[in-house]
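Dear colleague,

Here is the structure for your files. Please have a look, then read my notes below.

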Amino acid sequence: MTGRTGGSVVVLGGSGFLGRHVCAAFAAAGADVVPVSRTACPAPDGCRPVRLDLLAADIGALTRLCAGADVVVNAAGAVWGGTEQDMAEANTHLVDRLTRALATLPARPRLVQLGSAYEYGPAEPGAVTGEDHPPAPNTPYGRTKLAGTRTALRAAAERDLDAVVLRVAVACGPGAPPASLPGIVATHLAEGRGTLRLAPLLAHRDLVDVRDVADAVVAAARAPAGRVAGTVVNIGSGRAVPVRALVDLMISLGGRPLRIVEERTAPGTRSDAPWQRLDVSRARQVLDWAPRRSLEESLADFLSAAGVSPARSRPTGQPQPPGQQAGA
């Protein structure tokens, strides 16, 4: 099972934030990459894009799409927008059709399913959440992503599907969505706005660079089946970052004045979970993976891609901003 990254890799959701970086990482590893998305989009060199509406695709279409692939990565899904039914279609029902399709193939590819740390639900401040923590999500997004994870694990147990779930923390870095908190801050910096009104910045989040996530996906494709099949692996930084420190660091890196006004009448965050910090020791053990990029490097590269020339305050790799907790 090792060495599959040199073969054919189908990436569902290849035009999304995670999917684009996953495609680039596999292409750099020498794979023949097939990004699949509903709309046409630029793809890294070495990729052969396919247009397909995954929500409308039946089991037969998915079977034909994945036939001959060595690895299938499911980076598709709905992130926070729409109704719970919309999220269920993208985050749960698609996984069911996909696993059924893969189970019919004579040569079954490895499935790398991208889950979410929000599947765990709220954690106590100071807690480090490992894969054995009982999931109790309190948002439609977390519930539908957890259902997709359970579908993939059930297929591994009942259909002998070679599937692994990567439960990903909050990804940041180049190409982060404009509607995300970093995206909103970057837009205000790029446009030279003087004030940004936000809901109170009280939460802590585990933030991991999207390129480190992509490296983890490649590592999951390479790992021996006996080590990862049918398992969940946390992918994060292992640190809890105050979101206020995140915003302050972006403003410092941007080198432009931006006054933050925290008010309860401003639009809230996507989740009311006050604390998030993952235990990533299993990823080190079974994938030989660990995050390599600092938060400052990640945000500086994101700002640069967003049109804001970052002024790095210290060399990459130096200690993280105050308020972060040491990783597990």
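First, the ground rules. This is a predicted model, where local features need pLDDT of at least 70 and side-chain atom pairs count only at pLDDT 80 or more, while totals for chains, interfaces and linings use all residues. Residues are numbered from 1 along each chain as its sequence is written, and side-chain values use heavy atoms, with hydrogens and water left out.

Confidence

pLDDT is the predictor's confidence in each residue, from 0 to 100. The chain mean is 91, and 91% of residues reach 70 or more. Residues 314-328 stay under 50. The model still has 38 contacts (heavy atoms within 4.5 Å) for them beyond four places in sequence.

Helix 8

Nine of the 12 residues are buried, so helix 8 is mostly covered. Buried means under 20% relative accessible area, exposed over 50%, and partly exposed in between (1.4 Å probe, protein chains only). Among the buried ones are Val243, Leu246, Met250 and Gly254. The cover includes helix 5 (181-190), strand 13 (259-262) and helix 10 (295-305). Gly255 follows helix 8, with a positive phi near 65°.

Seven strands make an open sheet, in the order 3-2-1-4-5-6-11, with parallel pairing. Strand 3 (50-51) and strand 11 (231-235) stand at the edges; each has a single partner strand, so one side of each lacks a neighbour in the sheet. Pairing requires at least two DSSP bridges between two strands. Strand 1 (residues 8-12) and strand 2 (residues 32-37) run parallel and are joined by five bridges. Leu12 stands opposite Val36 in strand 2.

Cysteines

The whole structure holds zero disulfides, the cut-off being a pair of cysteine sulfur atoms within 2.5 Å. For Cys47, the closest cysteine sulfur is in Cys23, 5.1 Å away, too far for a bond. Cys47 is buried, at 13% relative accessible area. For Cys172, the closest cysteine sulfur is again in Cys23, at 20 Å, too far for a bond. Cys172 is buried too, at 4%.

Best regards

Note on methods: Helix = DSSP H or I, 4+ residues; strand = E, 2+ residues; numbered from the N terminus.
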